[in-house]
Amino acid sequence: MINKVRHVLGISGGKDSAALAIYLKAKYPSLDIEYYTCDTGKELKETYQLIDNLENYLGKKITKLRAVENSHEKPFDHYFQLHGGYLPSPLARWCTKKLKLDPFEKFVGNDPVVSYVGIRGDEERDGYISKKSNIQSIFPFRKNIWSEDVINKFLNNANSKEVLHYYKEIVEDELKQKKIIDVVKEPLSLKFNQKRKLNTLLDLGISEFNKVVFAFLKTTDYPLAKEEGFPILDNEEILVQDDIFRILEESGVGIPAYYMPTEFAVNGKKGQYARSRSGCFFCFFQQKIEWVWLYEQHPDLYKEAICYEEGGYKWMQDETLEELIQPSRITKIKEDFLQKSNTIGKPYLNQSASPYLLDILDNGEEGCASCFL
Ligand code: SF4
């Protein structure tokens with residue numbers, strides 16, 4: 001018997017996944033979405049507050065997935081011990097696998113699953129969530145809602161006849177159909193690469209493109225092939241950062257408190273800092289100024305983060321947390337951050353460039369889709 005397709009949305013505690021949950025509930029109430037969050041036991045209290053607010057708004061439970069059950073230890077600490085006190089890092093990210101991906105894959109099992117991911121229309125990255133074939137990711141905020149593997153298949157030269165067939169069935173306008181046929185017939189090449197072909201087809205009609213992909217998927221084993229219809233096919237909205245903040249504010253769920261800028265002073269000058277992402281309070285992806293923020297705004301958590309370095313491993317390659325909080329070092333980090341703020345944008349002090357402190361803190365740097373969206 002074919003299992004029913006499950007629709008799931010992971011709440012990371014960040015703004016984008018929260019806004020996606022609100023957006024989909026408001027716009028597509030017919031979608032029966034299961035919400036979940038992977039609790040490492042090391043999130044900020046503001047994150048847990050956001051999850052409570054969201055549960056109230058959605059009127060549904062957000063299932064808390066914990067990588068270890070029936071243990072007196074928090075999930076992160078359990079795996080930290082198992083790894084012999086070896087701290088995770090961008091190159092050895094055991095925490096994401098053990099605390100986020102594995103519990104998620106256990107939660108969905110072998111059921112066919114559509115997983116909604118909050119990567120925005122103004123982001124370039126692709127979200128790696130899972131490579132299991134029963135899990136299909138959908139990106140409702142982007143112009144292209146499909147995952148890269150689906151697009152690779154769909155635009156493969158070998159499938160162009162099939163794609164043409166569906167386009168002819170779906171697009172009625174003759175002139176538009178002719179333009180689309182020319183594009184589909186042009187094989188991929190160095191000059192006309194996949195990204196260009198994709199964007200050209202999307203520019204000729206987003207909902208038509210989506211309907212053709214959906215028809216094409218019926219010939220595959222993707223979870224959506226088992227669905228009669230999919231309401232998101234008609235969506236032509238592309239959502240960017242401003243939209244995310246607006247959705248959070250208008251819904252009453254609110255912007256996670258750790259994004260809110262707090263003032264600091266250094267050598268007679270004033271600046272503002274905040275945290276740019278959700279996830280564990282000691283996450284190694286955070287910037288120096290965010291460590292300073294943690295030290296000054298949550299000294300107890302900073303102290304806890306220091307304890308993890310007692311085994312000889314460090315959160316950052318170049319310095320320990322004890323070294324980072326020496327007064328001269330804090331001053332230097334704040335000065336550097338002020339200078340960076342003045343170069344990239346002047347958050348809240350002068351709206352001439354980026355209005356978001358987040359753009360300066362985040363600045364397109366590497367992160368983890370499972371933890372920060
Ligand atoms: S937030 Fe950072 S430390 Fe926590 S699981 Fe994710 S990558 Fe690891």
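Me: Start with H6 and H7. At what angle do their axes cross, and within what distance do they come?
Reply: The axes of H6 and H7 cross at roughly 170° and come within 10 Å. Axes here are lines fitted to C-alpha atoms, for helices over the stretch in contact, and angles run from 0 to 180 degrees between N-to-C directions. Helices are DSSP runs of H or I with at least four residues, strands are runs of E with at least two, and both are numbered from the N terminus.

Me: Before more of that, what kind of model is this?
Reply: It is a predicted model, in which local features need pLDDT of at least 70, side-chain atom pairs count only at pLDDT 80 or more, and totals for chains, interfaces and linings use all residues. Residues are numbered from 1 along each chain as its sequence is written.

Me: What is the mean pLDDT of the protein chain?
Reply: The mean is 91, and 90% of the residues reach 70 or more. pLDDT is the predictor's confidence in each residue, from 0 to 100.

Me: Where is the pLDDT below 50?
Reply: Over residues 346-355. That stretch has 19 contacts in the model beyond near neighbours in sequence. Two residues are in contact if their C-beta atoms, placed from the backbone, lie within 7 Å.

Me: Back to H6 and H7. Parallel or antiparallel?
Reply: Roughly antiparallel. The cut-offs are under 35 degrees for roughly parallel, over 145 for roughly antiparallel, 65 to 115 for roughly perpendicular, and oblique for the rest.

Me: And what does H6 do with H9?
Reply: H6 and H9 pack with their axes 9 Å apart, at an angle of about 125°. That makes H6 oblique to H9. On the H6 side the contact is made by Glu162, Val163, Tyr166, Tyr167 and Ile170, and on the H9 side by Glu208, Lys211, Val212, Ala215 and Phe216.

Me: Left-handed or right-handed crossing?
Reply: H6 and H9 cross in a right-handed way. A crossing is right-handed if the near helix is turned clockwise from the far one by less than a right angle, and left-handed if anticlockwise.

Me: Which residues of H6 are buried?
Reply: Val163, Tyr166 and Tyr167 are buried in H6, which spans residues 160-170. They lie on the same side of H6, because they cover an arc of only 100° around the axis. The arc is that of the directions from the helix axis to the C-beta atoms. Buried means 20 or more other C-beta atoms within 10 Å of the residue's own, exposed means 12 or fewer, and partly exposed is in between, with C-beta atoms placed from the backbone.

Me: What covers them, and what is on the face turned away?
Reply: The cover includes helix H5 (148-154), helix H7 (174-185) and helix H9 (206-217). The face of H6 turned away from the buried side carries Lys161 and Glu169, which are exposed.

Me: Next, H1 and H2. At what angle do they pack?
Reply: Helix H1 (residues 15-27) and helix H2 (residues 45-58) pack at about 0°, with their axes 11 Å apart. They are therefore roughly parallel to each other. Ala18, Ala21, Ile22 and Lys25 of H1 meet Leu50, Leu54, Tyr57 and Leu58 of H2.

Me: Now single residues. Where is tyrosine 36?
Reply: Tyrosine 36 sits in strand E2, residues 33-38. It counts as partly exposed because it has 19 C-beta neighbours inside 10 Å.

Me: What is tyrosine 36 in contact with?
Reply: Apart from neighbours within four places in sequence, tyrosine 36 is in contact with Val8, Gly10, Ile62, Thr63, Leu65 and Phe107.

Me: And phenylalanine 192?
Reply: Phenylalanine 192 is in the loop between H7 and helix H8 (194-203). With 13 C-beta neighbours inside 10 Å, phenylalanine 192 is partly exposed. Its contacts, leaving aside neighbours within four places in sequence, are Glu186 and Lys197.

Me: What about the phi of asparagine 70?
Reply: Asparagine 70 is not a glycine, yet has a positive phi of about 50°. Its place is the loop between strand E3 (62-65) and helix H3 (75-82). Asparagine 70 counts as exposed, with 5 C-beta neighbours inside 10 Å.

Me: And asparagine 267, buried or exposed?
Reply: Asparagine 267 is exposed, with 8 other C-beta atoms within 10 Å. Its phi is positive too, near 45°. Asparagine 267 lies in the loop between strand E6 (262-266) and strand E7 (269-273).
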